[in-house]
Amino acid sequence: MKKIPFEKKIVCCLLALVGLVGCSSGESLPELATVTGVVNLDGSPLPSANILFQPQQGKTAFALTDENGKFELMYSQDATGATPGNYTVKISKEKNPEEPGNELLPAKYNEQTTLTADVKADQENDFQFDLTSK
(Lines give C-alpha, C1' and ligand atoms only; values in the text may rest on other atoms or scores of the structure.)
Protein backbone atom coordinates (compact mmCIF):
# COMPACT_ATOMS: atom_id res chain seq x y z
CA MET A 1 0.00 0.00 0.00
CA LYS A 2 1.36 3.39 -1.00
CA LYS A 3 1.60 6.03 1.74
CA ILE A 4 0.36 9.58 0.97
CA PRO A 5 2.72 12.31 2.17
CA PHE A 6 1.46 14.49 5.05
CA GLU A 7 1.66 17.69 2.95
CA LYS A 8 -0.62 16.24 0.27
CA LYS A 9 -3.15 15.24 2.94
CA ILE A 10 -3.18 18.82 4.27
CA VAL A 11 -3.61 20.29 0.78
CA CYS A 12 -6.47 17.86 0.02
CA CYS A 13 -8.22 18.72 3.30
CA LEU A 14 -7.88 22.45 2.66
CA LEU A 15 -9.25 22.11 -0.87
CA ALA A 16 -12.21 20.09 0.41
CA LEU A 17 -12.89 22.69 3.11
CA VAL A 18 -12.77 25.57 0.61
CA GLY A 19 -15.18 23.64 -1.63
CA LEU A 20 -17.62 23.08 1.21
CA VAL A 21 -17.54 26.71 2.31
CA GLY A 22 -18.15 27.86 -1.27
CA CYS A 23 -21.13 25.52 -1.65
CA SER A 24 -22.77 26.48 1.63
CA SER A 25 -23.55 30.08 0.68
CA GLY A 26 -27.27 29.28 0.38
CA GLU A 27 -29.64 29.63 -2.55
CA SER A 28 -28.84 32.19 -5.18
CA LEU A 29 -31.35 34.99 -5.38
CA PRO A 30 -33.21 35.96 -8.55
CA GLU A 31 -33.34 39.56 -9.74
CA LEU A 32 -35.28 41.47 -7.09
CA ALA A 33 -36.96 44.86 -7.30
CA THR A 34 -37.60 47.02 -4.25
CA VAL A 35 -41.32 47.24 -3.48
CA THR A 36 -42.74 49.69 -0.96
CA GLY A 37 -46.13 51.15 -0.31
CA VAL A 38 -48.82 52.27 2.07
CA VAL A 39 -52.18 50.81 3.06
CA ASN A 40 -55.03 53.05 4.17
CA LEU A 41 -58.41 51.97 5.52
CA ASP A 42 -61.23 54.50 5.23
CA GLY A 43 -58.66 57.26 4.74
CA SER A 44 -56.42 56.39 7.72
CA PRO A 45 -53.17 54.38 7.80
CA LEU A 46 -53.70 50.68 8.54
CA PRO A 47 -51.06 49.37 10.98
CA SER A 48 -50.15 45.70 11.47
CA ALA A 49 -51.75 44.50 8.24
CA ASN A 50 -50.33 41.45 6.47
CA ILE A 51 -49.43 42.02 2.82
CA LEU A 52 -48.89 39.18 0.33
CA PHE A 53 -47.82 39.65 -3.29
CA GLN A 54 -48.58 36.32 -5.00
CA PRO A 55 -47.27 35.66 -8.53
CA GLN A 56 -48.88 33.10 -10.83
CA GLN A 57 -45.63 31.14 -10.55
CA GLY A 58 -42.80 31.60 -8.12
CA LYS A 59 -42.34 32.78 -4.59
CA THR A 60 -44.80 34.98 -2.68
CA ALA A 61 -43.34 38.19 -1.23
CA PHE A 62 -44.64 39.43 2.12
CA ALA A 63 -44.71 42.41 4.49
CA LEU A 64 -46.31 43.81 7.61
CA THR A 65 -47.40 47.44 7.69
CA ASP A 66 -45.93 49.76 10.32
CA GLU A 67 -47.89 52.20 12.48
CA ASN A 68 -48.18 54.57 9.47
CA GLY A 69 -49.51 51.85 7.15
CA LYS A 70 -46.18 51.70 5.27
CA PHE A 71 -44.54 48.49 4.13
CA GLU A 72 -41.51 47.09 2.28
CA LEU A 73 -41.81 43.64 0.72
CA MET A 74 -39.54 40.79 1.76
CA TYR A 75 -38.59 38.00 -0.66
CA SER A 76 -37.20 35.90 2.15
CA GLN A 77 -36.18 36.31 5.75
CA ASP A 78 -32.86 37.79 4.57
CA ALA A 79 -33.74 39.54 1.28
CA THR A 80 -36.00 42.51 0.53
CA GLY A 81 -37.98 42.94 -2.66
CA ALA A 82 -39.91 40.84 -5.16
CA THR A 83 -39.20 39.44 -8.59
CA PRO A 84 -40.48 41.64 -11.43
CA GLY A 85 -43.91 40.63 -12.75
CA ASN A 86 -47.64 40.69 -12.16
CA TYR A 87 -49.03 39.93 -8.74
CA THR A 88 -52.30 39.27 -7.00
CA VAL A 89 -52.22 41.27 -3.76
CA LYS A 90 -53.85 40.07 -0.55
CA ILE A 91 -54.18 42.33 2.49
CA SER A 92 -55.53 41.05 5.78
CA LYS A 93 -55.75 42.19 9.37
CA GLU A 94 -57.31 40.42 12.30
CA LYS A 95 -59.48 42.44 14.68
CA ASN A 96 -57.86 40.65 17.61
CA PRO A 97 -54.55 38.85 16.87
CA GLU A 98 -55.20 36.53 19.82
CA GLU A 99 -58.38 35.26 18.13
CA PRO A 100 -57.44 33.91 14.66
CA GLY A 101 -60.14 34.00 12.01
CA ASN A 102 -61.49 37.38 13.07
CA GLU A 103 -60.75 39.26 9.80
CA LEU A 104 -61.21 43.05 9.91
CA LEU A 105 -61.10 43.62 6.14
CA PRO A 106 -63.68 42.59 3.53
CA ALA A 107 -62.93 39.42 1.53
CA LYS A 108 -62.39 41.49 -1.65
CA TYR A 109 -58.97 42.42 -0.20
CA ASN A 110 -57.86 38.94 0.89
CA GLU A 111 -59.66 35.63 0.22
CA GLN A 112 -61.51 36.98 -2.83
CA THR A 113 -59.02 39.72 -3.66
CA THR A 114 -59.45 42.08 -6.57
CA LEU A 115 -56.12 43.83 -5.88
CA THR A 116 -53.22 43.54 -8.32
CA ALA A 117 -49.76 45.05 -8.79
CA ASP A 118 -47.18 45.09 -11.57
CA VAL A 119 -43.62 45.07 -10.20
CA LYS A 120 -41.08 46.45 -12.65
CA ALA A 121 -37.32 45.94 -12.72
CA ASP A 122 -35.10 48.99 -12.20
CA GLN A 123 -38.05 51.27 -11.42
CA GLU A 124 -39.69 52.69 -8.33
CA ASN A 125 -42.38 50.29 -7.19
CA ASP A 126 -44.34 52.28 -4.62
CA PHE A 127 -47.97 51.21 -4.31
CA GLN A 128 -50.84 52.81 -2.44
CA PHE A 129 -53.82 50.70 -1.47
CA ASP A 130 -56.85 52.73 -0.35
CA LEU A 131 -59.25 50.24 1.23
CA THR A 132 -62.75 50.73 2.60
CA SER A 133 -64.35 48.79 5.43
CA LYS A 134 -67.59 48.34 3.47
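Good morning. The structure above is a predicted model, and I shall begin with its overall plan. The protein has one helix and eight strands. Read from the N terminus, the order of the elements is α-β-β-β-β-β-β-β-β. Of its 134 residues, 29% count as buried. The exposed surface comes to about 9300 Å², and carbon and sulfur atoms supply 53% of that area. If we take the contacts with a separation of 6 or more, residues 24 or more positions apart account for 57% of them.

Let us now turn to strand 3. It pairs with strand 4 in the antiparallel sense, over four bridges. Within that pairing, Ile-51 has Ala-63 of strand 4 as its bridge partner. The hairpin formed by strand 3 and strand 4 has five residues between the strands, and there Gly-58 takes a positive phi near 110°. Strand 3 also pairs with strand 6, again in the antiparallel sense, over six bridges. In this second pairing, the bridge partner of Leu-52 is Lys-90 in strand 6.

Strand 6 in turn is joined to strand 7 by five bridges, and these two strands run antiparallel.

Which residues of strand 3 make up its covered face? They are Ile-51, Phe-53 and Pro-55, while Asn-50, Leu-52 and Gln-54 make up the uncovered one. Strand 7 can be described in like manner: Leu-115, Ala-117 and Val-119 form the covered face, and Thr-116 and Asp-118 the uncovered one.

In soluble globular proteins, nonpolar side chains tend to be buried together. In this model, the largest nonpolar core has 24 residues, and those that touch the most other members are Ile-51, Phe-53, Leu-73, Ile-91, Phe-129 and Leu-131. Two or more residues of this core come from each of strand 1 (35–41), strand 3, strand 4 (61–64), strand 6, strand 7 and strand 8. Take Ile-51 as an example. Leaving out residues up to four places away in sequence, Ile-51 touches, among others, Val-39, Ala-61, Phe-71, Leu-73, Val-89 and Ile-91.

I now come to the aromatic rings. A pair of aromatic rings is described by the distance of the centres and the angle of the planes. How many aromatic pairs are counted here? The count is six. Consider Phe-53 and Tyr-87: their ring centres are 5.6 Å apart and their planes stand at 55°, so this pair is tilted. Phe-53 lies in strand 3 (residues 50–55) and Tyr-87 in strand 6 (residues 85–92), so the pair ties together parts that are 34 residues apart in sequence. Phe-53 is buried, at 0% relative accessibility, and Tyr-87 is buried as well, with a relative accessible area of 4%.

Another pair is that of Phe-71 and Phe-129, which is stacked, with 6.5 Å from centre to centre and 25° between the planes. Phe-71 belongs to strand 5 (residues 70–72) and Phe-129 to strand 8 (residues 125–131), so this pair ties together parts 58 residues apart in sequence.

Lys-59 lies over its face, at 4.8 Å from the ring centre. Lys-59 is also touched by Ser-76, as is Phe-62, not counting residues up to four places away in sequence. Ser-76 sits in the loop between strand 5 and strand 6. Is Ser-76 buried or exposed? Its relative accessibility is 17%, and the limit for buried is under 20%, so Ser-76 counts as buried.

Finally, let us look at Ser-133, in the segment after strand 8. Ser-133 is partly exposed, with a relative accessible area of 38%. Beyond its neighbours within four places in sequence, Ser-133 is in contact with Leu-41, Asp-42 and Pro-106. Ser-133 and Leu-105 are 28 residues apart in sequence, and their C-alpha atoms are 6.1 Å apart in space.

Thank you for your attention.

Note on methods: Residues are numbered from 1 along each chain as its sequence is written. This is a predicted model: local features need pLDDT of at least 70, side-chain atom pairs count only at pLDDT 80 or more; totals for chains, interfaces and linings use all residues. Side-chain values use heavy atoms; hydrogens and water are left out. Rings of Phe, Tyr and Trp (its six-membered ring) pair if their centres lie within 6.5 Å; planes under 30 degrees apart count as stacked, over 60 as edge-to-face and the rest as tilted. Buried means under 20% relative accessible area, exposed over 50%, partly exposed in between (1.4 Å probe, protein chains only). A charge sits over a ring if NZ of Lys or CZ of Arg is within 6 Å of the ring centre and within 35 degrees of the ring normal. Two strands pair if DSSP finds at least two bridges between them. A nonpolar core is a set of buried Ala, Val, Leu, Ile, Met, Phe, Trp, Tyr and Cys residues joined through side-chain atoms within 4.5 Å. Contact means heavy atoms within 4.5 Å. Accessible areas come from the Shrake-Rupley method with a 1.4 Å probe; for residues, only the protein chains shown count as cover.
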